[in-house]
Amino acid sequence: MLAANDYSILTGGGPGIMEAANNGAIEHLKECKLNGVQYKPIISAGIGLVRLNKEKSNPFVQENIVMKYFFARKWLLVRYSNAFVIFPGGFGTLDEFSEIITLTQTNRMQEAPIILMDTDFWQPLIQWIETRALKEGLISEEDIKLIHVFDSVESAFKIIHEACKECKAH
């Protein structure tokens, strides 16, 4: 849905859900003309990590950037994103989610939609956030409002599209 509406897709470039996102983007690649020259814009990019994915990106990444350090990879992913869609994952996923929410909470980056997909998977974390972190005064109600949890792709798209109406470039 994002690529069909001219949003570029930036992932870690690996397999699984990242590969699916890059594949979906490629399916919606459109020819463009600039100064009379026909070209295909970059709509599917990956920022990988040396040795994390055996230095190979998934086959649907048009532009692959391989970084040596996690911090540099995370900075690029955050710097060039207007929204974040986070699917179930392990410690790396939780680390990246925590960094994004912390940078937003502390006004170190522009506010952007932070979407967790799969309510059942994320419910224990959301419950902890609401019943422990909020209740003990470690975060505020405003911090919780930064997070959107969906099962519906359409709902996630609506939030992103609405937030990015003001974006100069997708």
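Predicted model: local features only at pLDDT ≥ 70, side-chain atom pairs only at ≥ 80, totals over all residues.
Select glutamate 162 to start: with a relative accessible area of 49%, this residue is partly exposed, a class that lies between buried (under 20% relative accessible area) and exposed (over 50%), computed with a 1.4 Å probe on protein chains only.

Residues are numbered from 1 along each chain as its sequence is written, and side-chain values use heavy atoms, with hydrogens and water left out.

Next, select lysine 74, which sits in helix 2 (residues 70-79); helices (H or I, at least four residues) and strands (E, at least two) are DSSP runs, numbered from the N terminus. Lysine 74 counts as buried, at 12% relative accessibility, and touches Asp95, Glu96 and Glu99 when residues up to four places away in sequence are not counted, contact meaning heavy atoms within 4.5 Å. Its salt bridge with aspartate 95 has its closest N and O atoms 2.7 Å apart, and this pair links distant parts of the chain, with aspartate 95 in helix 3 and lysine 74 in helix 2, 21 residues apart. Aspartate 95 is partly exposed at 36% relative accessibility. Salt bridges that share partners join Lys74, Asp95 and Glu99 into one network.

Which residue of helix 3 does arginine 73 in helix 2 pair with, 23 residues apart? Select glutamate 96 to see the partner in helix 3, where the two side chains meet in a salt bridge of 2.7 Å, N to O. Arginine 73 is buried at 5% relative accessibility, whereas glutamate 96 is partly exposed at 24%.

Turn now to the open sheet, in which three strands are arranged in the order 1-4-5 with parallel pairing; two strands pair if DSSP finds at least two bridges between them. The edge strands, strand 1 (9-11) and strand 5, each pair on one side only. Valine 50 can be picked in the loop between strand 4 (44-49) and strand 5 (63-67), where its relative accessible area of 29% makes it partly exposed.

Finally, select the largest nonpolar core, which has 17 residues, with Phe84, Ile86 and Phe97 among those that have the most contacts inside it; such a core is a set of buried Ala, Val, Leu, Ile, Met, Phe, Trp, Tyr and Cys residues joined through side-chain atoms within 4.5 Å. The elements that give two or more residues to this core are strand 6 (84-86), helix 3 (91-105), strand 7 (114-117) and helix 4 (119-134), and helix 4 gives the most, with four residues. Apart from this core lies another, of eight residues, among them Met117, Phe157, Ile160 and Cys164.

Note on methods. Salt bridge = Lys/Arg side-chain N within 4 Å of Asp/Glu carboxyl O.
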